[in-house]
Amino acid sequence: MAEYTRSISFYGREIDINIGLMAPQAGCGVWLTSGETSILVTATRQPGRPGVDFMPLLVDYEERLYAAGRIPGGYLRREGRPPERATLISRLIDRPIRPLFPEWLRDDVQVVATTLSVDDTVPPDVLCILGASLAIHGARIPFNGPVAAVRVGLVKDEFILNPTYAEIEAGDLDLVVAGCADGVIMVEAGANQLPEKDVVEAIEFGFEAIQELLKAQQQVLADLNITPVELPPPPKNEELIAFVEEQAQEGIRSILRQFLDKTSREQQLEELRAKLEAQIQERPEGDPLRLYLLENPKELDNQFKALLKKLMRQQLLQEGVRVDGRKLDEVRPVSCRVGLIPRVHGSALFNRGLTQVLSITTLGTPGDAQELDDLHPVDEKRYMHHYNFPGFSVGETRPSRSPGRREIGHGALAERALVPVLPKEEEFPYVVRVVSEVLSSNGSTSMGSVCGSTLSLMDAGVPIKAPVSGVAMGLIKEGDEVRILTDIQGIEDFLGDMDFKVAGTRAGITALQMDMKITGITVDVVEQAIRQAKAGREFILDKMLETIAAPRPQLAKTAPRLLTFKVDPEDIGKIIGPGGKTVRGITEATGAKVDISDDGTITVSSSVGGQAEAAREMIENLVRRVEEGQVYLGKVTRIIPIGAFVEFLPGKEGMIHISQLAEYRVGRVEDEVAVEDEVVVKVRSIDHKGRINLTRLGISPEEAARVRNHHH
């Protein structure tokens, strides 16, 4: 393919497109540059394997640290497993493109986005979505695109497109919206308690801007003479469809109307499906339907599921009744408990219907912050949320592996939901980790984790600004008929057209994640879902606050004690000492851990009361400026004929001249003091060389008593 280049201007940013220069053996290689951020996105397709009954799409976002002029840390000095943020960007590219492939496509499709360089103004993630859309079309893969995404920020009450990293950090919103000609496909956002109407406006603002990127792509495709690939869908077996409808329709309808719990419903549906299978097995050997199912064993199952989906949607649209008997906007029963687990710093158990999440909070010291080795300018994290989803939570047996993409994505969403309400570092210097263990899953464990985390943080005494709750919304759309469901459960997630998670406080939204299974939805419908979610969120929040109304005033006894204070940055060297000797000495003497920042902020932490205070006193003594007239309790270190040397602060010595040892004339120094004696001394003078002269004269009994008491 000949090299093709084109440049598009997009809201003050140039995007240079190059197709055909790089990756000639991939299906299509698209090289995009904007500012000094440069990415290569490829799309490749291979014929599918037999027996696969889903679309095998693999999306990988590959970070290379050379893109920021860095060499990776660690022993191997090469990129290892992808950092969390790279996994999240892989998901961000995957989510808007997945619904646009025809659902019957069974070919292996892989999209790989590699960052070649990154500057500090253009985040690569939304560019990757543009690149993926062009590469998939260029590789002639059936795809109902093009698709594009934009990032919207909010700075001083103004929406801005393409905010820089600095503007995202400083602003109250970081929203990515993706869409195609039909409407919105994906929204991903973190916000600082932003009111619903502002979030809706931001989505609308972003969606309008996307139209330009879609037009530009159409232009590129026209230049390259690429037309959408139309593949006919595979033929359906009409006989099988008619058989399943005839035999199972009434049965499924009656099961759906009984409002059973999940286990009983699944059991009855499975019995009905097995009955159909048995009926076909009993037919004579040459029967065409029996032969068809021998060749395509999964087809009966697929048709049964398709009918279940159709009937369940019908029941919702026509009668407004859900499978468990709830109204459309009704939340399942909620119950919470806190403080269940001994020894940990905070714990909470959150139940909503059959979904159950146990969240545990751990408070750590500043040295526990996570160092991030990725291409994002922020280099450490003070709040970490980790999400675990074991097999037993859905009644399955499967080996525990390291967290998959879904776990990382859900963990990050719940983390994002709570970041805006965390206290500032100055008020609360702890590093916080919350782990959410999903113990039972039936719909929206990520929002269950948000609720569990809020309760667990409050139980740990973390002074959050406001409690956060979250709810998952679903949607059923047939023609122009739309129904929005509050708090979807597992089966509704499977049959619905949208999965929309909203988290926030009473004041507004903190995190939002929306994915469509159908192509595009209008901003009006998105707005309706966001409004309906608010009522659901508040219902759940009220239940949570009945359990614990505010953060506990005291931290758990087992939590480390942190003291934060400031010293002059020039004194940092004194505290650290040659090769770190002084600070190690303080740690050994007191058992407390000392973290020192470049700006002179010192954080002392200990798990045992009193240790931190002792270490603080040692540090304050190290950097204390000695002035004339101060009184100290010191220790005699050596004696010479004309006086005694006394260490009155760690590493600080002064001399008492023989004439200053007592009110009367002293013959020999040894008559008055011996080495190791404790003596109360006063600073008499400091000479121009910084030598300190001490005296035992002119110290009042009160001063002497005070330093002795303070010391013991």
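Colleague: Where is Gly320 found?
Modeller: Gly320 sits in the loop between helix H8 (299-319) and strand E11 (334-338); helices (H or I, at least four residues) and strands (E, at least two) are DSSP runs, numbered from the N terminus. This is a predicted model, where local features need pLDDT of at least 70 and side-chain atom pairs count only at pLDDT 80 or more, while totals for chains, interfaces and linings use all residues. Residues are numbered from 1 along each chain as its sequence is written, and side-chain values use heavy atoms, with hydrogens and water left out.

Colleague: OK. What does Gly320 count as, at 25% relative accessibility?
Modeller: Partly exposed, because Gly320 has 25% relative accessibility. Buried means under 20% relative accessible area, exposed over 50%, and partly exposed in between (1.4 Å probe, protein chains only).

Colleague: Which residues is Gly320 in contact with, leaving aside neighbours within four places in sequence?
Modeller: Gln315, Arg326 and Leu328, with contact meaning heavy atoms within 4.5 Å. Gly320 and Arg483 are also 8.3 Å apart in space, C-alpha to C-alpha, although 163 residues separate them in sequence.

Colleague: Switching to H9. Is H9 mostly covered or mostly uncovered?
Modeller: Mostly covered, with 11 of its 14 residues buried. Among them are Ile408, His410, Leu413 and Leu418. The cover includes helices H1 (84-97) and H10 (445-459), plus strands such as E16 (383-388) and E21 (509-516).

Colleague: And how far does H9 reach from its first C-alpha to its last?
Modeller: H9 (residues 405-418) reaches 20 Å, close to the 20 Å expected at 1.5 Å a residue. That expected span is 1.5 Å times one less than the number of residues.

Colleague: How many disulfides does the structure hold?
Modeller: 0 disulfides, a disulfide being a pair of cysteine sulfur atoms within 2.5 Å. For Cys128, the nearest cysteine sulfur is that of Cys28, 15 Å away.

Colleague: Last topic, the largest cavity. Which residues lie nearest its centre?
Modeller: Phe10, Ile15, Val126, Leu127 and Asn162, out of 13 lining residues. On a 1 Å grid over the protein atoms alone, a cavity is a set of points where a 1.4 Å probe fits but cannot get out, and lining residues have an atom within 4 Å of a point.

Colleague: Which element gives the most to that lining?
Modeller: H2, with 3 residues.

Methods. 1 Å grid on protein atoms, 1.4 Å probe; cavity = no way out; pocket = protein on both sides within 12 Å on 5 of 7 lines; lining within 4 Å.
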